[in-house]
There are 2 protein chains.
Amino acid sequence: MSKVLIESPTVITLNDSQEILSDTSIFIRDGEIVSLIPENENPPDADLVLEGKGRVALPGLVNCHTHAAMTLLRGYADDMELLPWLQQKIWPVEGKLREEDVYWGTLLAIVEMIRSGVTCLNDMYFYFEAAEKACREADIRACISGVLLGILPTAEADLEKAMHFLSERRENGSQRIVHMIAPHAPYTCPDEMLKKVIAAAEKTGVGIHTHLSETKKEVEDSLAQHGETPIAHMEKLGMFAGPPVVAAHCVWATDEEIEILAKRGVGVAHCPGSNMKLASGAAPIAKMLAAGVPLGVATDGAASNNNLDVLEEARLAALLAKVTGCDPTAVKAYEALHMATRGGAEALGLGDVIGQITPGRRGDIILLDLKRPHVWPPHDLVSHLVYAARASDVCTVLVEGRPLMIDGVLKTLDEERIMAEAAACAERLAG
Amino acid sequence: MSKVLIESPTVITLNDSQEILSDTSIFIRDGEIVSLIPENENPPDADLVLEGKGRVALPGLVNCHTHAAMTLLRGYADDMELLPWLQQKIWPVEGKLREEDVYWGTLLAIVEMIRSGVTCLNDMYFYFEAAEKACREADIRACISGVLLGILPTAEADLEKAMHFLSERRENGSQRIVHMIAPHAPYTCPDEMLKKVIAAAEKTGVGIHTHLSETKKEVEDSLAQHGETPIAHMEKLGMFAGPPVVAAHCVWATDEEIEILAKRGVGVAHCPGSNMKLASGAAPIAKMLAAGVPLGVATDGAASNNNLDVLEEARLAALLAKVTGCDPTAVKAYEALHMATRGGAEALGLGDVIGQITPGRRGDIILLDLKRPHVWPPHDLVSHLVYAARASDVCTVLVEGRPLMIDGVLKTLDEERIMAEAAACAERLAG
């Protein structure tokens, strides 16, 4: 199916001119957006024509940081302090994880994300080959990385395995799946290991996906150990000098660190839902936006969120920035929508590939039905998307022009089987 | 239709023992919950049998404070400072309001709320007779009040009209519709007017619905004018000594004021979404819960939220309390769910009528489908409802045992016509 036409939606392009084009058809050939066609022009013939009239077309949502397979632990433990939560609940279960758990848990996450309009996820977890397999089968776009924990005895072997995998995959890789290397965090990876990771990233050209400055304690410990805050310390180690880096959280980034992030073009994956639920704090995203940091939103894993709803994260990003900054004008609706789409793409180093509905970008597009009572009357579609819409307003999802969902019906995955298998995995792990 | 049976849902009772009963049928006769029937017992015959197997039954959600007809202004103005927002945008449009606008705007709000599982709203707005008419036609439960603004030239006449209306309605009132008297706020109603309102409430026995301590500026102004914070000043005026009072916001309530609220049993309508969007602050709800203040959640009007999604407010209540209190254990999932249901009922003085699924309470019950990927696997239903579910998971809604929605189909309202009429009103007001 090489030619796809989306007929006459209102297109929120997210292009440089921030254009919103009503009754404009989108033509996609071989996965690439070729043209936007106004109502008074005849569209080209297509193999697949999707009804867009009365709907809103948006670049697919980007989930900039998640641990997809943690859907298996959704609702397993909540409302706890971080350390008991990890030590008593999450880690013991993760110790029992098998490759098949990651496979089914990732598929469950993907089903949820497709239904919520996510077309690209940035994943970091154990058994990354299983996560990659799930993403390939789903036809979703993904950045895949296996988590590297320097504090584990297997750290050296894990790093070597990741590097070997990466060098193999670079040869046969699909453009849709990008690999990254993922040192978990400065507080779980000693400097010596981080230096090896940085060298390996430089050698292979793959990007780095990590957690930075999530909690106040992490910052205090870093100051005590290194005399530097975490982001400043990573800058000194050279992490930001090579291939693209995406850093989750950055809740406690200082003004100086925000300057580093902006200067180096480090992508930040803002996780307001997780940061609120774990009481980590509120990342200074108004400052990051002003400084020009590539900024996306993310759900984190479903054990600390507890859903994978990027539209909700965009809303939380705006609301949290306003209330903690005592400024109702902070992070406006368009900025929040940008973070959920183009900003996320840019944070992942994919700004030339996705994030806009404009000729030359790939056909990762979602359609939403905003003719519903909770997003009515239609004063302002961008406001409605950020402040009133629900994930369930997403009706159709395309990646590379290929439909993953049409009018609420999944096209690449067997939802019923995935839910059954995931429930069985969860029962074995945590039942 | 006097006998209704909901067959075999999992019942989250919200009763004193916090029971969650799987595969338990609910029998409702003449609007009242008569019995909960375990799986191994035969249920009585019924005129209407609703499938509940595999679903979750919950007391209907309570929206403790809204201005329903402001749906007409949803998305009309966002991301502004409070005063320019009111002076340049909201008030000029409200100046053009007609009774029919309030009627259609309220119906639009009710359609959205029924679809989101709200069975009871506490409304305060202009042309309250039109709001009441809408609620009666929808068969939804409501507390109705017309907003009294002491700063308007019509203040005296408005108060007299409200009192006349109340005395008439008390004679012919339906139990489903409760009337309240609604002085807007201390900063818009002089003490002399508030004293009249308090006297009138005492004379008629109707409750008071008002805004208290929403912004820091309100508190500072109150201190400057009265030498007292707003809630303390209302206590001195005697507002809390008579019939039930429900106060929206209470963002800046001091420890002493929380004691007053608890001692007097003043209901608080916590509006986290609105408070975040307008950057008003974070109400100290963990302290209120600890002190025993009757606490519900509320959406406020759709111009400052921008939806009427009480499940989302419950989530925001938990998340905001955690992040601003630096405590992930603050406001646990069950507490948030309690606020959205039983707590809201108690805050409105309706704790003996609704808020629990238990014999003797009225049949205001909703069914949710939690066999969906974003609320899966089923580790913990309460966690899922608060941290992962969506309004769109609500499938069936009953008020007094009468179905307002069955499996997503509205039973009392013409959704298409309401959306068209509301759009026409909005276009005339703000187009």
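In this predicted model, Ser8(A) is in contact with Asp23(A), Thr24(A), Ser25(A), Gly52(A), Lys53(A) and Gly54(A), once its neighbours within four places in sequence are left aside. Ser8(A) itself sits in the loop between strand S1 (3–7) and strand S2 (10–12) of chain A, and Ser8(A) counts as buried because its relative accessibility is 17%, where the cut-off for buried is under 20%.

One of the residues that Ser8(A) contacts, Asp23(A), deserves a look of its own. Asp23(A) belongs to the loop between strand S3 (20–21) and strand S4 (24–29) of chain A, and, although not a glycine, Asp23(A) has a positive phi of about 45 degrees. With a relative accessible area of 22%, Asp23(A) is partly exposed. In chain B, a positive phi of about 50 degrees is found at Tyr127(B), again a residue that is not a glycine. Tyr127(B) is placed in the loop between strand S9 (118–125) and helix H3 (128–138) of chain B, and its relative accessibility of 33% makes it partly exposed.

The backbone also holds cis peptide bonds, among them one in chain A that joins Trp376(A) and Pro377(A), with omega at about -5 degrees. Pro377(A) lies in the loop between S16 and H13 of chain A. In chain B, a cis peptide bond joins Asn305(B) and Asn306(B), with omega at about 15 degrees, and Asn306(B) is located in the loop between strand S15 (295–297) and helix H11 (310–325) of chain B.

At the level of the fold, chain A is divided into domain 1 (3–59 + 361–410) and domain 2 (61–347), whose C-alpha centres lie 28 Å apart. Between these domains of chain A, 30 residues of domain 1 are in contact with 29 residues of domain 2, and the two domains bury about 2,500 Å² between them, 63% of it on carbon and sulfur atoms. On the domain 1 side, Leu14(A), Val386(A) and Tyr387(A) lose the most area to domain 2, together 26% of what that side buries.

Ten residue pairs across the interface of the two domains are in polar contact, both residues being at pLDDT 80 or more. Of the elements on the domain 1 side that touches domain 2, H13(A) gives the most, with five residues, and the residues of that side divide into 20 nonpolar, four polar and six charged.

Which numbers of residues are in contact between chain A and chain B? Here 62 residues of chain A are in contact with 62 residues of chain B, and the two chains bury about 4,800 Å² between them, 63% of it on carbon and sulfur atoms. Four salt bridges are counted between the chains, and Arg315(B) forms a salt bridge with Glu312(A), with the closest N and O atoms 2.4 Å apart. The count of residue pairs in polar contact between chain A and chain B, both at pLDDT 80 or more, is 29. Elements that give two or more residues to the chain A side include helix H2 (99–115), helix H11 (310–325) and helix H14 (415–430), and the largest share, seven residues, comes from H11(A). The residues of this side divide into 29 nonpolar, 15 polar and 18 charged.

Methods:
Residues are numbered from 1 along each chain as its sequence is written. Chains are lettered from A and ligands numbered from 1 in the order in which they are written. This is a predicted model: local features need pLDDT of at least 70, side-chain atom pairs count only at pLDDT 80 or more; totals for chains, interfaces and linings use all residues. Side-chain values use heavy atoms; hydrogens and water are left out. Domain bounds come from an automatic or database domain assignment. Contact means heavy atoms within 4.5 Å. Buried area is the accessible area (1.4 Å probe) that two parts lose on being put together, summed over both. A polar contact is a pair of N or O atoms within 3.5 Å; within protein, one must be able to donate a hydrogen and the other to accept it, and residues adjacent in sequence count only if both atoms are side-chain atoms. Helices (H or I, at least four residues) and strands (E, at least two) are DSSP runs, numbered from the N terminus. Ala, Val, Leu, Ile, Met, Phe, Trp, Tyr, Cys and Pro count as nonpolar, Asp, Glu, Lys and Arg as charged, and the others, Gly among them, as polar. A salt bridge is a side-chain nitrogen of Lys or Arg within 4 Å of a carboxyl oxygen of Asp or Glu. Buried means under 20% relative accessible area, exposed over 50%, partly exposed in between (1.4 Å probe, protein chains only).
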